[in-house]
Amino acid sequence: MDRDSFEYILGRLERPVTPSTEFAQSLLGRLLQQLEAPQAPALWERAIPLRPRWLPSPFAVTGPRLLVLVALALGLLAAVAAGAYYVSVQTWLSSGPRGVQFTSDFELVELFRADEFFYSDFTLGPEGNEIYALRQPTGTDGIDLSRPATLVRLDGLQDEQLQTEEILTFSDLTDPALWDPGTDLSGIIFPALRSIGPHSVLSVADNGDVFLVASAFDEAPSGSPPHAHGTSVIVRRPDGTPQKVLTAQELVDAGLLDTEGAEVSVAVVSSAPDFVWLKTEMIPSDGANLISFYQVQDPDADGDWSDRTVLPLALPPSLPGVAGFESGWLFTQMLAEPSVGGQDRSRSLLLAILSLSGEYRIYRVSDFNGDGDAADDGELDRLFTGTGPYGFGEAFDLPVIAPRVVLTDGKVVLRELVAGSLARASRLSRISESGEVTDIARAFEVDFGAVLAGPEGNIYVAGQLPGTNEANPVTVIYRLRPVSEEEAQEAAAATAEASPTEPAAAGNITPGIPRIAFQQGEKGEVFLVGLDGSGPEKLLEAKYILGFEQSPGGKRIVYWSDEEVPRETFTYVANADGSNPKKLRERIVHVSGWPSEEDSLILSEEGSRPWLVNLILHDIESGRERTLLTGVDNTKVSVSLDGGSIAFVSGSFDYSKDPPTGAESLEVLDIETGQRRRVDGPLTEGSYGYLQWSSDGRRMAYFVDSDLYVRDIASGEARPVYRVEGYVIYYTWSPSGRWFLIEEVGPTPCTPEEEERAAEEGERARLEGQDPCPRKRALVLVNVESGETREVVNDEVDPANTSGWPTHWVRHLEDSFVVADPAGGGAYLHSATGGVPRPVPDGGWSSDGRYILFSRADETDAEGNPIRASIAVFDTDTGETRTLIEGGSDLGWPRWWR
């Protein structure tokens with residue numbers, strides 16, 4: 001074994017093992033035996049030319065030097081025992097048929113499940129045997145503000161027998177001594193206002209003191225946004241007595257905080273029984289996010305915070321996020337590290353920040369000398385740089401982290417971070433001190449509310465099930481317990497037997513008959529059925545398919561499935577008959593074009609901003625890729641139907657202007673040659689948008705602000721064909737290229753004062769069936785050549801609801817389109833040349849224009865949800881309907897199959 005291989009193996013050792021006496025003696029004996037044998041020192045010297053001067057040459061092994069080597073060998077054994085805390089077997093296990101998957105390094109147990117209250121702000125107790133959380137009553141509209149929250153403790157983590165104990169009710173915090181003088185306590189006392197990310201309104205010190213942030217609110221109807229009269233940081237001692245630590249108003253009175261009349265959100269983290277960190281966050285009307293940090297100390301550490309001292313913490317300007325939203329960074333979490341193993345971390349704070357581009361960083365911020373800043377040497381340390389979710393994302397998608405320090409006999413054997421939603425939204429990962437990310441669990445069904453790590457090595461995951469909310473929550477807590485190497489090997493062996501593959505359905509579709517693809521069953525499998533009802537036969541062997549589509553020429557299938565990893569959807573491409581599936585990405589990506597259905601396709605991936613995409617040419621057989629474009633606006637790019645050209649907008653633009661302006665140009669990329677050609681621009685004012693190729697690839701339609709243009713690509717001639725007075729929801733070419741269908745919302749009929757009042761009262765008025773500022777929504781038919789227009793349908797909408805009519809052209813019926821009434825009035829076939837619309841089922845038309853394919857609910861439950869469905873075709877010649885497939889509620893997505 002060469003030295004590099006040996007170092008690599010040592011670097012991968014991560015499981016806590018205690019070497020046996022026989023192993024230790026054997027290793028030591030072999031070392032001594034090797035040392036006694038004659039060696040060529042030049043080889044070793046070349047391997048480590050920068051050997052420290054204090055390290056003796058390994059080839060003079062007599063006397064004290066031998067003792068040094070023996071000590072080094074024993075130290076190596078200790079390092080193996082400590083550094084090998086996990087020997088990663090990396091065999092994924094599962095807690096159920098579609099449940100959480102985790103590596104064999106751990107045992108996973110569900111400890112807690114509750115659906116009566118909304119639990120949040122999970123915090124691990126100092127002994128690692130209890131979890132503290134806020135439990136909040138819920139109503140039909142979310143958290144019920146008419147009933148107070150409670151502080152609960154869930155005991156018995158080690159015994160897997162959790163007992164919930166209510167240890168403090170927020171309604172009990174009505175002692176005026178806990179608040180600013182004159183605070184109105186006649187309403188509801190609730191947890192403080194929440195900011196983005198993990199909230200940190202609850203923290204537990206290692207002596208059992210519980211620090212929490214509370215606010216006094218008006219007694220408001222459930223669901224109404226509350227206004228806080230006062231916000232206070234309170235400590236609950238182990239004997240149950242509360243005491244005020246600090247209020248937000250006291251920071252203002254001391255000149256340490258200027259709220260500028262805005263609401264303030266306060267977060268608290270305890271790094272020691274006598275030391276807490278505070279973060280205040282404000283969002284004034286101008287949108288600037290103002291963040292401040294404070295160090296609060298009990299100077300004599302007697303547990304009485306009446307003499308507390310407050311020291312602001314000035315963050316270095318080099319730390320992203322100091323300027324808040326304006327900097328493009330967001331503080332997502334702050335937390336403390338345990339002070340164990342002789343390391344005092346009480347004067348340090350971990351800060352996690354996320355950029356708009358998706359970069360995720362973790363810093364350790366310290367104020368060792370107590371001068372009120374983190375600007376001195378060693379006081380700002382970047383621990384991790386990686387990739388988080390693009391943009392600020394949804395709150396539950398933000399990564400959550402926890403420091404993990406494992407002790408053996410009082411000594412630290414492992415320091416790392418554990419993170420939820422870092423690698424993927426459903427994955428739990430470990431971050432080593434060197435920054436390496438290793439996934440240890442995936443397919444979590446919970447949205448990560450918190451990850452916690454105990455001193456014994458256990459990891460806890462807590463959160464709500466997806467699809468639930470504050471009005472209907474289901475809270476789950478899992479524990480991952482590290483297992484021994486023997487247990488890991490046994491678990492890995494138990495999963496070695498492959499589960500049998502279910503046989504495909506027999507293929508008995510009548511030869512030559514038109515076919516229809518559909519999905520059926522809880523496993524989301526795809527089948528084919530003949531127009532005459534023959535079949536069905538299975539099209540794809542894959543299961544748990546979330547969607548599928550056929551390439552324009554019918555030679556390939558692209559589908560999205562989470563069969564490999566539940567809750568993690570991957571993208572695949574297969575032959576037309578479902579054979580030879582290939583994975584394109586381990587995430588959802590869109591196929592934007594098909595330069596050659598036999599050889600290549602164009603993938604559209606997220607770029608460095610949520611609205612930017614990268615276009616990549618992918619060779620289907622070899623997997624080789626070539627980047628075509630990077631960082632183009634996804635609303636300003638279009639691939640021609642033949643997959644040969646890409647129209648896109650280049651240049652800079654300023655979205656702060658209305659309309660946005662900049663030096664934009666319209667360009668066309670030839671995919672085969674890679675050549676770019678400017679066809680218009682740069683604009684001196686205005687902005688391009690909504691690019692669309694015509695079906696023949698000869699013309700390009702696009703908007704410049706409110707004007708729709710059609711440009712002949714060969715001649716370069718461009719002419720305006722329509723002007724939108726309000727704004728466009730969507731528009732589309734007709735198959736012949738003679739017409740546009742444009743869905744637009746007209747300008748507001750309100751004055752600026754009425755519009756402002758509508759914004760303030762709109763939600764309440766709409767709930768009462770009154771639209772404070774209605775707009776007109778219209779579907780307009782535009783003749784591309786003459787510019788003549790005809791309003792097909794119109795309606796009155798409000799600004800908050802601009803969803804349109806499901807509308808599509810019928811490609812094989814010349815200049816005909818279907819409009820479906822969203823109010824349930826059915827679908828109608830229109831002719832662009834006029835005439836009376838014809839009622840038809842809303843579905844897919846056969847290639848000959850005779851049949852319409854649709855699905856229907858044959859039986860529904862009390863809420864109107866389908867419990868029995870069918871797939872049918874409507875014969876436009878005879879007016880008859882033929883049912884092809886009948887099934888349960890899990891039947892749908894039919895489409896004609898070439």
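Strands here are DSSP runs of E with at least two residues, numbered from the N terminus. With that in hand, welcome to some close-ups of this predicted model.

**View 1. A cis peptide bond sits between Gly535 and Pro536.** Omega of this bond is near 5°. Pro536 belongs to the loop that runs between β31 (525-530) and β32.

**View 2. Lys538 and Glu525 meet through their side chains.** The polar contact between these two side chains spans 2.9 Å. Lys538 is part of strand β32, residues 537-538. Is Lys538 buried or exposed? Lys538 counts as buried because its relative accessible area is 13%, and buried means under 20%.

**View 3. Tyr544 has a positive phi.** The value is near 55°, in a residue other than glycine. Look for Tyr544 in the loop between β32 and β33 (545-550).

**View 4. Gly681 and Pro682 are joined by a cis peptide bond.** Omega is about 5° here. Pro682 is in the loop between β44 (676-680) and β45 (688-693).

**View 5. Tyr690 is not a glycine, yet its phi is positive.** That phi is about 55°, and Tyr690 lies in strand β45. With a relative accessible area of 42%, Tyr690 is partly exposed.

**View 6. Four aspartates form a negative surface patch.** Its members are Asp300, Asp302, Asp304 and Asp307. Asp307 can be found in the loop between β17 (290-297) and β18 (309-313). How exposed is Asp307? Its relative accessible area is 31%, so Asp307 is partly exposed.

Conventions. Residues numbered from 1 in each chain as written. Predicted model: local features only at pLDDT ≥ 70, side-chain atom pairs only at ≥ 80, totals over all residues. Heavy atoms only, no water. Patch = residues over 30% accessible without salt bridge, like charges linked within 9 Å, V, L, I, M, F, W, Y side chains within 5 Å. Areas by Shrake-Rupley, 256 points an atom, 1.4 Å probe, with all protein chains shown as cover. Salt bridge = Lys/Arg side-chain N within 4 Å of Asp/Glu carboxyl O. Lys, Arg positive; Asp, Glu negative; His and termini not counted. Charge placed at Lys NZ, Arg CZ, Asp CG, Glu CD. Helix = DSSP H or I, 4+ residues; strand = E, 2+ residues; numbered from the N terminus. Buried < 20%, exposed > 50% of the residue type's maximum accessible area, 1.4 Å probe, protein only. Polar contact = N/O pair within 3.5 Å; in protein donor to acceptor, adjacent residues only side chain to side chain.
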